[in-house]
Amino acid sequence: MTQRTPAEFPSALVDLRSDTVTHPTAAMYERMRTAPIGDDGLDGDPSVRALEAHVAARLGKDAGLFVPSCTMANLLAVLAQTQRNEQVVLESSAHMYTSERGAATFTGLFYQGVQGSDGAMDLTRLDDALLSGGHRLKTSLVAMETSHNNAGGAVLPLDHMQAVYAMANKSGIPVHLDGARLFNAAVALGVPAAEITQHADTVSLCLSKGLSAPVGAVLVGSKPVMAKARTLRRMLGGTQRQSGIMAAAGLEGVQTMTDRLIEDHVRARRLSDGINGLAPALTATVPQTNIVQVETAGTGMTNAQWVTALQEAGLLTRPWGRTRLRCVTHRHIDDDDIATAVQAFATVLDAR
């Protein structure tokens, strides 16, 4: 079978590759069309300022900064709170470690991974990583992630986050939270997002995943740190002009799309249950949020073969390492799509 490019996928395919495939809502398009705008690199854009203020208040911080991506938001949080020849400590499977630490090639920082479980750092190992002096680099930032992408959308327990924050504070070290899917974590815990973000000094939030905005992220924190991050954003080429057109969609997403994320979580659990019904050849993680990882090692097929075969059966998935596939539910996925996805896995399994 020949694997097709995304542009060739028929619209009937169920797309579980990521929640980044979501399209803006009709309300987002309308707010984009009517958004008051200005030059955000000169005197400011009113719609950008409204988004920054709303997200900062919602997450219990003093100020916010709109940026093109959550990767840039995380990078700015690092640059604004560290110096060269220092280190950032974070869980060893965190997205900032596995996918973003290439930034160290120009930041002059070292990223120190700490082993953990379900995305939560082992606190004893963290305590050791925070030690300084002698041959050790100075730790200048600790980072957490929730929900945790590589841990199958796991949500950090609040008591764990509180413990990490307390340990870092005791050593005078700020804490950053990669909250790309922060509202998924808040919905899963049944708490306001600010109850999570109180355990971090800076927080990044992606607008273009489950919230369905077309692009962008917001970084929040104290006014001095955000002022420094704003200067750094310009240096990185992240200052945009009439960016209120995009910010308006992000504001609509934050204001109206967070509560419905529970629907994605419920459907992810149905998908997991359905695939686990095909055990032992296939097994799936039991999700806390909207991410399901499917283990294919026992099927005798490679992940590339699985992706191609599932595509032919009407389902788009994403390889996640050598023996796992990642499936992510989102607002374009309904109950019938979940049934189609489970049937696609069963069809491919039977046709081996």
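Me: Which element gives the most to the lining of the second largest pocket?
Reply: That is β4, with four residues. Keep in mind that this is a predicted model.

Me: How much space lies in the second largest pocket?
Reply: About 210 Å³.

Me: Which residues are closest to its centre?
Reply: Gln 87, Gln 112, Asp 128, Ala 129 and Arg 136. They belong to a lining of 13 residues.

Me: And which elements give two or more residues to that lining?
Reply: β4, which spans 110-114, and α6, which spans 123-129.

Me: Switching to the largest pocket. How much space is in there?
Reply: About 380 Å³.

Me: How many residues line the largest pocket, and which are closest to the centre?
Reply: The lining has 26 residues. Closest to the centre are Thr 20, Thr 71, His 95, Asn 149 and Lys 209.

Me: Which helices supply at least two residues each there?
Reply: α3, covering 70-81, and α4, covering 95-98.

Me: Which element has the largest share of that lining?
Reply: α3 does, with three residues.

Me: How do the classes divide in the lining of the largest pocket?
Reply: Polar residues number 13. Charged residues come to seven, and nonpolar ones to six.

Technical notes
Residues are numbered from 1 along each chain as its sequence is written. This is a predicted model: local features need pLDDT of at least 70, side-chain atom pairs count only at pLDDT 80 or more; totals for chains, interfaces and linings use all residues. Side-chain values use heavy atoms; hydrogens and water are left out. On a 1 Å grid over the protein atoms alone, a cavity is a set of points where a 1.4 Å probe fits but cannot get out, and a pocket is an open set with protein on both sides within 12 Å along at least five of seven lines; lining residues have an atom within 4 Å of a point. Grid points are joined across faces, edges and corners, and a volume is the space filled by probe spheres set on the points. Ala, Val, Leu, Ile, Met, Phe, Trp, Tyr, Cys and Pro count as nonpolar, Asp, Glu, Lys and Arg as charged, and the others, Gly among them, as polar.
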